[in-house]
Amino acid sequence: MRYLVCIKQTPDTAELPKVKPEEAASGELSIQQVVNPWDEHAIEAALQMAENFGGLASVISVGGEKAIEALRSALAMGCKDATLVENADADAWGVAALLAGAVNHMGDVNVVVTGQMTVDGNSGMVPVAVARKLDWPVLTGVAKVLNVSEDAVEVERVVGQARHTVKVKPPVVLSVIKEIGEPRYPTFINIRKAARVKIPVLSADDLGVTVPPPVVHLSNFRKPPARDAHVQLFDGPADEAAGALIDALLAEKVL
Amino acid sequence: MDFALTTEHKMVQDMVRSFAEKEVRPIIPEYDERHEYPRELLPRMAELGIMGICIPVRYGGAGMDYISLGIVSEALEWADASVRETIAVHLALNALAVFQWGTEEQKQRFLVPLATGEKVGCYGLTEPAAGSDVAGLKSTARRDGDDYILNGEKMWITLADVADYMLVFAKTDPEKKHRGITAFMLERGMKGLTTGTIEKKMGVWASNTGWINMDDVRVPKENRIGEEGEGFKVAMSALDNARMTVAAGAAGTIRAVMELSIKYAHERQTFGQPIANYQLVQQMIAKMALNYDIATMLWQRSAWLKNQGVRNTRETSQAKWFATEAAWQAASDAVQIHGAYGFSSEYEVERYLRNAKGAVIYEGTTQIHELMQARYALGWRQDKPIRCELPAYDPDFWQE
């Protein structure tokens, strides 16, 4: 079995407030970038599947040269090989076309694993779009992988307040949620290997993919307005202050 | 010249900083308040390879270099000095001394379990009446056939009540002063060996600090590290290794208190504006930023020299002296920026200030380092070659 994890390098969420609108529009960010936190769980899921059910985990990213750093992080966590696909200014649909092209190019991928969404785009479209491009089934909201074999992939999904168990015949695309497992730390031995390995870079031409022109155009980036927060103190005896607090909460429809 | 960390070092930094943020810093306040050592971190750090990060794979370590040891120290002290102290004592003072001075048999016997984290090490040099004055130590080791009989007391020993292996120093020939000192590896359980914890300290409450008492402890000659009379050199070279970790750790303290100060300066409003707008607050933060960079460059130079196999006593002393004083100043300024809240134990800066005072005292007081630097500058001190230098970092040997 070969599990292919799709990851993206995204801004460190702790630094997101520093992003300027013009940087967001151009995509040229000056802040620290990391593996998309949701994708770290996808890496963990693929590594667990490889350990528990056999096979190996590979990792792929569509992006610029800096995405090599994210791929090295995945290798340090335990993925066996990595591939970078050059970004051709694609939107989510275009990224899905490139990822699906890479899956076909590799030829032996049984399970594609993704995170729930990215912290920058937030669309959550890519796993579904990849499945559509490949004409594979897709399971989203995967919280637990129960079994993987040549004949069936059985997972537990979270759907709103409910859970259900689903069995599908691979190949399949799985989009996992945090509950799948806390991402492991890289090991030092893997760090040494990951730091030195040459990661192959493929273009759309290499994959024989014609990237569809973007259908989504983002035209206006702006920061959300500052929160209008204020503090109100209730003085006086405790019973009066508590009463005033309850009245205020009722007025604000908190209670 | 290249001031940038390598890809490998950056990845090590990401990994240990993540560990410090997720698993160390959140649990420290409670341990600190209870004056309790967070033993739960030892198996976790062993599992991750941190306990033997710069020891070759063939001896059970992670096979990284001395710069990685500094990176780990910086990241851990960002969380709390107590955890960085564990690495300084267990790895830099004990395990690296065995790596540097031990026989192959001793490396297999002591270094392998230390590097894997199966055993924990500590270092016993200081005595109730002998700290900086090493030649004045009173502990004795009397030869008795194939054994030595050790007597004496060690004081202010980090991990005294935790360690399995204790590298202690005693006089085999008291007439020869520092040339009569010999190093021994004591093993917990040896008859006559007792340890205890010192409860009342100003800082590093989450660290275990204690005493070791030796009452006719019989130690086989196979546990002697180095030759008879080489103990002073073993002790000083071990300090060269550990002082780098203290310097790197102090940089971690500066980073921690600078982050806290910047956050608070943006949030705290006085006279209708954030205190970050006030130039006297800006001055304190600017000094933290400058001193963090200087401390970082100094410890990295020390670690780089170790990687090259170049003697670095002078440079390591500079790094330890500067970085610990800068951390003490930064922590004090951080409390000042926080005002009355900084004086409260509800805010972390108070803990960093208490911890930072220890580091300007242990592993050579500031004054000892000033004297050393003066003697180097005046031409009165030169480092002579020693029989066993710390091996230069050789990736092929380390990772084979």
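This report describes chain A as a whole and then one cysteine of chain B.

The structure is a predicted model, in which local features need pLDDT of at least 70, side-chain atom pairs count only at pLDDT 80 or more, and totals for chains, interfaces and linings use all residues. Residues are numbered from 1 along each chain as its sequence is written, chains are lettered from A and ligands numbered from 1 in the order in which they are written, and side-chain values use heavy atoms, with hydrogens and water left out.

**Chain A**

Chain A contains eight helices and eleven strands; these are DSSP runs numbered from the N terminus, helices being H or I of at least four residues and strands E of at least two. Further values for the chain are tabulated below.

| Property of chain A | Value |
|---|---|
| Span of the C-alpha trace along its principal axes | about 75 × 45 × 40 Å |
| Accessible surface (Shrake-Rupley method, 1.4 Å probe) | about 13800 Å² |
| Distance between the mean positions of the 24 positive and 32 negative charges (Lys and Arg positive, Asp and Glu negative; His and chain ends not counted; placed at NZ of Lys, CZ of Arg, CG of Asp or CD of Glu) | 6 Å |

Carbon and sulfur atoms hold 52% of the accessible surface of chain A. Of its 255 residues, 45% count as buried, meaning under 20% relative accessible area with a 1.4 Å probe and protein chains only.

**Cysteine 54 of chain B**

B:C54 lies in the loop between helix 3 (41–48) and helix 4 (66–79) of chain B. B:C54 is buried, its relative accessible area being 0%. Beyond its neighbours within four places in sequence, B:C54 has contacts (heavy atoms within 4.5 Å) with B:M64, B:D65, B:Y66, B:L69, B:L91, B:L96 and B:W398. B:P43 is eleven residues from B:C54 in sequence, and their C-alpha atoms are 17 Å apart.

How values were computed:
Buried < 20%, exposed > 50% of the residue type's maximum accessible area, 1.4 Å probe, protein only.
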